[in-house]
Amino acid sequence: MTRTAHGTVAVLGLGTMGSGLAARLLDRGVQVRVWNRTPERAEPLAEAGAYVARHPADAVAGTSAVICVVADGEALGSVLHGPDGVLSKGPYPGVLICASTVSPDEVVQIAGDIPSVVDVGMLGNRDHARDGELRLFVGGEEQAFDDCRPLLEALGKEVVHLGALGSGMRMKLCLNLVMGIEVQALAEVTELATACGLDRQLVLKTVAGSGFASPVMAFKSRRLGSGRFEEPDFRLRLMAKDLMLATKQAAAVGLSLPLATAAAETHVRAIEQGLGDQDCAAVTRALTPKPGSDT
């Protein structure tokens, strides 16, 4: 393995996926430095041996690779270019791995003239991140990919280099588009069947066990069945962001995506109803008429 696999790694952003990635690296004996906007999230990792940094520039000191797993393009730009950001003290000498789901064009713009940078679309959930079972889709120059490949192979069961910088994000948006439409379809079926007098649990069990269901439908059927959307696997507001990004990508290449547009509108409506920080399966609540409503 190269020095990237054995050197110290920084993980910036300790949400669901970032925490899982950091824990995975610690289990593999890698020295890990972490940073999060709210420091409390770093406490379990500190107990496991991670160094908790005061700010991003502190986190990347002496590292050979940095993995950014923040919420959006604005946060990524701040982490890299802001005061005490990764690049605030000059060029970063290691490999920058952008695993935040942002616009593909934004990755290229934010990266600027960073010498070695890749963008990584991650397919999987918190357990996959924790157990090294992610599927990772990578964009960036061949040399940058080669430099970080051993590290990525420690984090995922499949690592695919797709091409130029931004390719990883394009694949991730495509994957999340599929998930967003599938989960909304399952929610719509469930609400329709329930409104027509069918048993909700039986409908969900039947759909999840049918040949029409995908693994994500079977997984999310448990959320829809319990009606518990707290402690999200994937926040609804992040799904809305990715659906909007997908529709913008489509518009940029002259495509009309009716399903994507409809799903994005439903998710935005769900956020307006205060559901943004719940699991994305909570989109079902945006389909239910409010008491006293005629629709």
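In this predicted model, arginine 126 has a relative accessibility of 31% and therefore counts as partly exposed. Its side chain forms a salt bridge with aspartate 233, and the closest N and O atoms of the two residues lie 3.7 Å apart. The pair links distant parts of the chain, since arginine 126 belongs to helix α7 while aspartate 233 sits in the loop between α11 (215–226) and α12, 107 residues apart.

Aspartate 233 also meets the side chain of lysine 220 in a salt bridge, with an N to O distance of 3.6 Å. Lysine 220 is part of helix α11, and 13 residues separate it from aspartate 233 in the loop between α11 and α12. Both partners, aspartate 233 and lysine 220, are buried. Through shared partners, salt bridges join Arg126, Lys220, Arg223, Asp233 and Asp279 into one network.

In the whole structure, 15 salt bridges are found. One of them pairs aspartate 27 with arginine 130, with 2.4 Å between the closest N and O atoms. This pair, too, links distant parts of the chain: aspartate 27 lies in helix α2 (residues 16–27) and arginine 130 in helix α7 (residues 126–131), 103 residues apart. The two residues fall into separate accessibility classes. Aspartate 27 counts as exposed because its relative accessibility is 54%, and the cut-off for this class is over 50%. Arginine 130, at 33%, counts as partly exposed.

Helix α6 (residues 104–111) has the buried residues Pro104, Val107, Ile110 and Ala111. Viewed down the axis of α6, these buried residues fall within an arc of 130 degrees, so they line one face of the helix. An α-helix has 3.6 residues a turn, so residues three or four places apart point the same way. After α6 comes glycine 112, which has a positive phi, near 55 degrees.

Pro104 is buried in α6 and is also one of the residues that line the second largest pocket. Rolling a probe the size of a water molecule over the atoms shows where empty space is left. The second largest pocket has a volume of about 190 Å³. Its lining takes two or more residues from each of the elements α9 (167–195) and α12 (236–252). Helix α9 gives the most, with four residues. Among the lining residues are Arg170, Leu173, Cys174 and Leu177, as well as Ala246, Gln249 and Ala250. Val253, Leu255 and Leu257 also belong to the lining. By type, the lining divides into nine nonpolar residues, one polar and one charged.

Helix α12 also holds threonine 247. This threonine counts as buried because its relative accessibility is 17%, and the cut-off for buried residues is under 20%. Leaving aside residues up to four places away in sequence, threonine 247 touches Ala260 and Thr261.

Conventions:
Residues are numbered from 1 along each chain as its sequence is written. This is a predicted model: local features need pLDDT of at least 70, side-chain atom pairs count only at pLDDT 80 or more; totals for chains, interfaces and linings use all residues. Side-chain values use heavy atoms; hydrogens and water are left out. On a 1 Å grid over the protein atoms alone, a cavity is a set of points where a 1.4 Å probe fits but cannot get out, and a pocket is an open set with protein on both sides within 12 Å along at least five of seven lines; lining residues have an atom within 4 Å of a point. Grid points are joined across faces, edges and corners, and a volume is the space filled by probe spheres set on the points. Ala, Val, Leu, Ile, Met, Phe, Trp, Tyr, Cys and Pro count as nonpolar, Asp, Glu, Lys and Arg as charged, and the others, Gly among them, as polar. Buried means under 20% relative accessible area, exposed over 50%, partly exposed in between (1.4 Å probe, protein chains only). Contact means heavy atoms within 4.5 Å. A salt bridge is a side-chain nitrogen of Lys or Arg within 4 Å of a carboxyl oxygen of Asp or Glu. The arc is that of the directions from the helix axis to the C-beta atoms.
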